[in-house]
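Biologist: Could you walk me through the charged side-chain pairs in this one? Here it is.

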Amino acid sequence: MSLWKRISSHADCEARMAAYYDEKGLFDLRLCLAAWIEDRIMSEQITPNSAEQLERVALKFNEDLQQKLLSTRTASDQALKYRVVELCTQIQRTSALELYTHLRGGLQKELQLATEQSVATPGPSMPLSPYNMNNPGYMDQSELISAQPAVGGGLAVIHNAVVGANGGGNVTTLGMATAKMELFEIEHHIMQCFNEFSNCGNSLKMLVQNYSYVLNSSGSTNAEEAFKCLMAEKAAIVTTLCRSYLSYEPMQEQIISELNNWRRQQALAGNGAPFNEGALDQIQRCFELLESFIGHLLAAVKETLRVRLVNEEPELNNLLERVRTSQKNLVCAAFIVDKQPPQVMKTNTRFAASVRWLIGSQLGIHNNPPTIECIIMSEIQANRFVTRGTQMDSTLAGQSSGEIQNCSSTMEYQQNNHVFSASFRNMQLKKIKRAEKKGTESVMDEKFALFFYATTTVNDYQIRVWTLSLPVVVIVHGNQEPQSWATITWDNAFADIVREPFMITDRVTWAMLSVALNTKFGSSTQRALTRDNLDFLYEKLQRGERSEYITWNQFCKEPLRSDRQFTFWEWFFAIMKLTKDHLMGMWKAGCIMGFINKAKAQDDLMRSATGIGTFLLRFSDSELGGVTIAYVNEYGSVTMLSPWTARDFQILNLAERIRDLNMLRFLYPSDTNAVPQERDQAFGEFYTSSTGTNEPTPGYVKSTLHVQVRNAIEGNGSIIGTPQHPIPSPPQDSSMSMGNYEDSDSNDSTMADAIERYVAGTSPDDPIFHEIRATIISACNDVDSVGCEFQRLCYGGF
């Protein structure tokens, strides 16, 4: 029983905890994800011993929570879907640390209440130390089996078969750190149903014996009475069999649903979400138990049918068909892709994948392992196969949409971990057949999937199984990669696992998309986006009237603005790649503010207490994959440097560029609760060490690269990068030069031309006009003196 179930069984305890969670508006979240929250917090392997560690744990929990809510969106209950959207919005409004500590504190209170009220039952416990929840209790499966009544009759082999399939001895250890509470409860329920079903074993054995006795003594005087007894015995057994199947059917649906949820998490992992692959072992355990159950149930139904007391037995025949269908569905559902191929697949490039059959050892298939074949299917082919029930036959290989090398593999059974799988380690897509494009579709929008299939024989009947990989996009050139990842990212984040291939919504709420973007960017760069970052991205995605929904076209088809030639996704993907390849350490350390618009950057810097020399790093709005520096110049206004891209950082990294610019003194904090840092303190660890440099080759003079910023004046008389004022303020502009030279004076003619334009634009009635003129004459064409005096008059004389 979960902790919340224990609490909710006492009205006073439930009321107290409801009031506690409502303080932060988290009661509905606690109800909706009760078991998940308990399992997630109680299974943590990190014990936070500092504020920084606690914050990291809280951020990771917040990310996992949003992914869980996103996966819950696939529920068939429409009301639940809407509620999930509301919960996503709610947690966006609550800081990660506040949300995590409140939920964790709530679990502590629940444990104390459970102890006080004596409502706790044996099961997973959580230590009462506030930061030591990584050693939860567990129950060994052998203890679970021994706690159940003995399985009697001929059906006692159910437990033995299951134990044997796991190598004997202790079947498995169900530590709450690695197993979901839901799976544990399902497995426990299956074992209980086994016990109830086992009671039928002795009764069926007696029925067969009595039936044989009646057949051999048909002429006796009490034959009629014996026949009536047989009818009553058989009717009771049929009732038991029907009841057993009715208890079995929802368990199979539930475990297949758990498998689909695992596959959903696998798809989200394609976007970088955390993924517990080990949960598949626990799911396999449940599949094995179900296969044993349905196999023995089928055998019992067949044995009962052999006791023919009447000519027609529609109820029993109907049960037989339903049991057979359930077994077939179970066997087919257990065949899955456990290691997905790359979802952006380049032709003539090697890749790997693997498939796994979760109940192969139960059926004895591992004794004569089948060969798995693989082809690539287009969306149209996959849709036709799935929705129309196309039969697999020998011509299936000819229906491939491409040519794959090394596309077959024989399944192997690993005795130590009971994994029955086939690995494709060296596949290569040589050719691809594309569908005819419609409208504005491109090859990067076209989805394919790898189709794995096999045919084998079990107990003289054939089993045909197949499964599809997650969608893949096939490219032939690297420049097709960004848009291809848009297709895959959208599909992974928002598609249902059970669907017509590969149907996907064309619009989602911002709450849902923000989770996907945060997951993608955070997994690629190892630091999640902040709330301010996400607000900025939301503003970028808007077109005209603000809406809660973001469409596929807004996401990756429409240009960001009329004066931009790239889409939101192209801009976002380029930044993500730049950060991963060149800025990872500084981004993780919080040195890069990144997602902030120019106006806000200027406003924040102008209000900074540290004043001149304060700077921040932001991602460029105008150039793909660019990062720029905004700083407060010596005149108290803000200068924006021209963006640097990956090509620049291949020459000299960002930290070295910042070190060369002496006008940069204080890094404006990316966290509003922090204080500015001195430049060398913030970036010191990223500087390239100057010690141990190699001596130049004899006969050569060693050269170095340095970044410089030079002054320049635009044609209208204003200094580049400054706002327009009646009297302009000249910061340094954004044109950057790389070289091995000292600072040089401005070109004489450039300064003279600038002064001439300024004087020409000044009214003769203005006193400054005559003062400038006199200064110029007295300077005797000394351009350096003119420049200095001109600046003094314009910027310091008022």
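**Salt bridges**

Modeller: Lys 600, Asp 603, Asp 604 and Arg 607 are joined in a network of salt bridges (a side-chain nitrogen of Lys or Arg within 4 Å of a carboxyl oxygen of Asp or Glu). Mind you, this is a predicted model, where local features need pLDDT of at least 70, side-chain atom pairs count only at pLDDT 80 or more, and totals for chains, interfaces and linings use all residues. Residues are numbered from 1 along each chain as its sequence is written, and side-chain values use heavy atoms, leaving out hydrogens and water.

Biologist: How many salt bridges does a search of the whole structure find?

Modeller: Side chains of opposite charge can pair when their charged atoms come close. Searching the whole structure for such bridges gives a total of 26.

Biologist: Which residue forms a salt bridge with Asp 64?

Modeller: Asp 64 sits in helix H5 (residues 51-72) and its partner in helix H4 (residues 34-42), so the pair ties together parts 24 residues apart in sequence; helices here are DSSP runs of H or I, at least four residues, numbered from the N terminus. Both partners are buried (under 20% relative accessible area, with exposed over 50% and partly exposed in between, using a 1.4 Å probe and protein chains only). The closest N and O atoms are 2.9 Å apart, and the partner is Arg 40.

Biologist: And Arg 564 with Asp 563: what is the N to O distance in their salt bridge?

Modeller: Arg 564 is buried at 14% relative accessible area, while Asp 563 is partly exposed at 45%. Their side chains meet with an N to O distance of 3.4 Å.

Definitions and conventions:
Helix = DSSP H or I, 4+ residues; strand = E, 2+ residues; numbered from the N terminus.
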